[in-house]
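Have the structure open as you read.

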Amino acid sequence: MNSNIWLLSFADSVAIATTLILAALGALFTERAGVLNLGIEGMLLTSAITSFLVADSTGSVWAGMLLGIVLGAVLAGIHALLTVVLRANQIVSGLALVIFGTGLANFLGKPAEGKTIKTTIEPLSFGPLSDIPGIGPVVFGQDPVTYAALLIAVVASWFLFRTRAGLEVRATGDDPATVDSQGLSVATIRIRYTLLGGALVGFGGAFHMLAQSAAWHLEATTNGVGWIALSLVVFAGWRPIRLIFGAILFGFTLQLPFTLQAEQITFIPSALMPMLPYLATLIALIALSRPSSRNILGAPKALGIPFVRDER
Amino acid sequence: MSNTSHEVASGPYHSGGAAPSALSAHSVSKRFPGVLANDSVDFDIQPGEVHTLLGENGAGKSTLAAMLCGLYQPDSGYIARNGQRVVLSSPRAGLQHGIAMVHQHFRLVDRFTVAENVILGSRNLSFVLDRRSINERVSEVAESYGLPIDPTATVGDLSVGQRQRVEIVKALYQGAEILLLDEPTAVLVPAEVEKLFENVHAMTQAGKSIVFISHKLGEVVEISDRVTVLRGGKVTGHVSGRGATDTKDLARLMVGRDINLGTQRASHPTGHEVLQIRDVSLNVNGVNVLSNISFNVHEGEMVGIAGVAGNGQKELADTIAGLLSPTSGSISIGGATATDRGPIHARELGLAYVPEDRLGMGLVPSMSILDNLLLTRDRHIVVDRASVRPEATRLIEQFEIKANGPDHLARKLSGGNAQKVLLARELSGGRTATKLLVVCSPTRGLDVGAIETVRRLLDDARSAGQAILLISEDLDEIMSLADRILVLYRGSIAHETPGETAQIATVGAAMAGLTTGVNG
Ligand SMILES: Nc1ncnc2c1ncn2[C@@H]1O[C@H](COP(=O)(O)OP(=O)(O)OP(=O)(O)O)[C@@H](O)[C@H]1O
Ligand SMILES: [Mg+2]
């Protein structure tokens, strides 16, 4: 068995995990405030194609990145408007966002279908450190966004559990009536974190496009990563640090068939492993729909429920 | 400040010259569609005083309290704090003036710790939370009023009494000088009430003012420095001076007649078994909520289930009503099996049910009184309102429900009046003649006059041969009505005694889980 291939494949898993971490953190912030946004997949696609087009025409991946983030926030803004301000059903609005985002990406991406990007995000170079056998490529061979994603996850955890604003977000997701009685605006908090979540999802979409995929293909670019991100939040119990490990695990299983092929291991059907995250997603969504399992998993208690102030 | 300024207001019953009232209302009025809830009400409270608001259901007590804390704005009249006119545009504005209300529905996040709940919404904390110092500070505030509480405990694990304590600590932490307690004892067991009163003393000693609302006259006599009686939105009486009155006088002041809440028991020997419960166990999400419950209720008998809330009472009632299926065991009503047959079947067997959660399960808040009554009466395809209307009008009168008529929405009734609508529906019988009546906390939140009425109706139902299961946290009520008392503790029957010879100390101890066994 070639240990080098396994190490390299682990490094690749971390890269796949980066998109997952960013998208799932976006979902996590949104859900911690009590808003369920199922539209992640559509937002990822829209941000991906936007960043592709912008990077392609300006030649700057960072400009592409920025526009991708903005688009993510804009789509999340639509969701916030519909569900927080107009109190529409969050599931319906989220699903509509998937359809809208996919359609928009399809429309914008028509001319670019199959086209490859010239500039991409390059891994950081730590000089000789990256060449350390074994851990070198894994720890020091990643691109800047991956390091940023890990940092964001750590900061998110600190923010949620160690700051006053974090306390308010968590309270809003669990018990908006109590937050309201303290003179804080439930709507403002929910809109704010839905937008922040959208920006993170957009970041993930742009990264996925610019660092991961060489070419734009509507069918293949995100490949359900948005849905997997949603399930990741559930399995991580809405905790950012646990989410990192979950993302790496999912990244690894998604990437495994390529390694197995390279190793010419055939006793495990290579199509089976990457199915696992999707299976997990299915389980997570079922769990989310059952009140008893939601409670056990630690879901925010008011997740998905519009807040209406009690009239009496 | 100058006495000539029109900004200065003196307390209405406070002799001039002295320090201004801590908080006062000056002929405040509040109108809701169709009802004048407060009609030129004057009210004031001094530092270090307990001032009780007393009145029938719908008299306007909660409305006045809501205006005093900034939840509602008066239509006319004004509020003054330390003699200065203030506008309390929101509860937060009230808090900024040192006024806090402790609601009956606690405003606490279950998953948070005590300290996290206490500081939620505080603006004067640093962005990064220093848990250690916050916990210390919360303990400090709590202990200085004799309210010891573990700041690191999770609120969801606390008892109702402890949660109430957290609410009070929260108000004190936020700097409240005046606390409005709206029926704080309705949810407490006797020992917790005692504890609360100790805390109230500690707070008044420290110069805080307490506005107290309660229907329990014994408590009112014990705790109040002053009592203001409201009736139909108007102030109709005052009593000042601690111990200047007794419960009889208060009752008369309140409802204008004498009230008798004496002991009532079955007058006839009881008949055969109507409700039979055999080895009923219930497991919810892996937790045994009920374990091996067996008992019977006979014709013309009232069995009381005592116990602290959350020991399985709600589940027991729901299981009998067919809303929950027992994990094992059997239930029969009038000799016919009711296990796993659902709520409609149970009603067809002659069950009438007054559930715990009024506006959730008992009444449809967005529907009128009439439509709520129709729910158990009409089974035709086309709703026939006209035929039920006279009966609705009669029930509104009989139960003294304060409403504009049968079309009044359930949501807009005062707490006690919503309760009465539900009782009226269940006690007056539906399509099938009632054989078994299961009632949960039938008089919670009712005024003494209404309590008397409800007790009489329950007693009448018993005399008429109905079997009654009375589930209540109000031990007094069970002691004075039930022919047999069962204590439910952690889902099992911890104690059984005849009502006649029951000792309050023994029953109370069993409720707290201190004894087990069957007596007599
Ligand atoms: N939000 C509201 N909308 C319409 N009517 C209301 C509203 N709140 C109160 N009322 C009416 O105002 C009157 C006074 O209600 P309030 O809740 O102040 O009574 P209360 O004295 O607290 O009674 P209880 O002892 O039953 O709690 C009642 O007739 C009630 O129906
Ligand atoms: Mg009230």
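Two strands count as paired if DSSP finds at least two bridges between them, and strands here are DSSP runs of E with at least two residues, numbered from the N terminus. This is a predicted model, where local features need pLDDT of at least 70 and side-chain atom pairs count only at pLDDT 80 or more. Residues are numbered from 1 along each chain as its sequence is written.

In chain B, four strands make an open antiparallel sheet, in the order S12-S11-S14-S15. Strand S12 (287-298) and strand S15 (336-337) of chain B sit at the edges with a single partner strand each, so one side of each has no neighbour in the sheet. Here's how the pairs line up:

| Strand pair (chain B) | Bridges | Sense |
|---|---|---|
| S11 (residues 273-284) and S12 | eight bridges | antiparallel |
| S11 and S14 (residues 328-333) | five bridges | antiparallel |
| S14 and S15 | two bridges | antiparallel |

B:Asp130 lies in the loop between helix H3 (114-119) and helix H4 (131-144) of chain B. B:Asp130 counts as partly exposed because its relative accessibility is 44% (the class runs between buried, under 20%, and exposed, over 50%, with a 1.4 Å probe and protein chains only).

Methods
Chains lettered and ligands numbered in written order. Heavy atoms only, no water.
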